[in-house]
Amino acid sequence: MSVVQRLRSDDRGGGYVLAFIVLMSVLVGAGVSALADAGRVSSAQRHSSSIAFEAARVGAQEVAADGSVFSLDADAARSAASSAAITLASQSDAQLDGVRIDGDEVVVTITLVVDRWFPGLGAVTITEVGRARFSTGIVEEGQ
Amino acid sequence: MKPQRVGQRIARRLRDDRGNGDVLAMIFIVPLAFGVILLYSFVGRQAAGVQAVTHAADVAARAAALAGSPRAGQSAANAAATNTLSGAGTVCVGGPSVVATATAWAPGGIVTVTVTCTIETGDLTAIAAPDTTKTASSDAIIDTYREFGP
């Protein structure tokens, strides 16, 4: 066999090249999906939090007046917050998990399921809570 | 030196592949690793952009709902979205597009703000990364006891 023929038939290291290609492909794919998942989950968390907060704000504006004494109308607050949460969540996959009235505070819980792209990881359920408190004596923004 | 010994030396030199792996690494692996790093940078920037645009829409919707008129609402939404994206370090080609609409510009009305941003990737030309456009919408409800005008 000539030198040239010997060089052409020499496949030493061929297994290493294949292993490298496979390993790099897996690492790149895993890295890309992990980064994408991080962004999607964080984005879903922020959006769910915003929905919960907005719905709680709506509920906290339900006033019960007893003469000159004002307080939170619990039943109306729960109904208003629930309705608002369902309306706001309808634009996404978010779901209303519950509305709780804690004294003069309205607490809204929103859940959202995000399917992760990273191989082997299942869906993650995001739970965000929004709170708003009924207050009196506020006469301008920022108080 | 006898020709036979010269031939043996040449053959031994041809079989000697010490250092071939280092050469392969320099020529192939280093540029590939650099490309993978840029790819991760591109994907990470897209993920951060999605977060930023979503958050900007949320903030802008709330700002518009707190404003006192439709015009003030649009202005407040523009400012809120721009500041939020700037604070997040997300650069939009030509600036973000912000559109504020409402079912009714009155107490109880639902304000919808849509933010569109074309994320700049000009510094990733080595991997021919394209500019990508992200859009997010968010709703906010105008307060019951808020004074609202035309």
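**Notebook: disulfide and sheet**

I looked for disulfides (a pair of cysteine sulfur atoms within 2.5 Å) and found 1 over all chains. The model is predicted: local features need pLDDT of at least 70, side-chain atom pairs count only at pLDDT 80 or more, and totals for chains, interfaces and linings use all residues. Residues are numbered from 1 along each chain as its sequence is written, chains are lettered from A and ligands numbered from 1 in the order in which they are written, and side-chain values use heavy atoms, with hydrogens and water left out.

The disulfide joins C92(B) to C117(B), S to S 1.9 Å. I placed C92(B) in the loop between α3 (70–87) and β1 (97–102) of chain B, and C117(B) in strand β2 (residues 110–119) of chain B, 25 residues apart. Helices (H or I, at least four residues) and strands (E, at least two) are DSSP runs, numbered from the N terminus.

I checked the handedness next: the torsion about the S-S bond of C92(B) and C117(B) is about -105 degrees, so the disulfide is left-handed.

Are the two cysteines buried or exposed? C92(B) is buried, at 12% relative accessible area, and C117(B) is buried too, at 0%. Buried means under 20%, exposed over 50%, partly exposed in between (1.4 Å probe, protein chains only).

Then I turned to chain A, where 3 strands form an open antiparallel sheet in the order β3-β4-β5. Its edge strands are β3 (95–102) and β5 (123–133) of chain A. Two strands pair if DSSP finds at least two bridges between them; I noted 7 bridges joining β3(A) to β4 (residues 105–115) of chain A. Q95(A) stands opposite T111(A) in β4(A).
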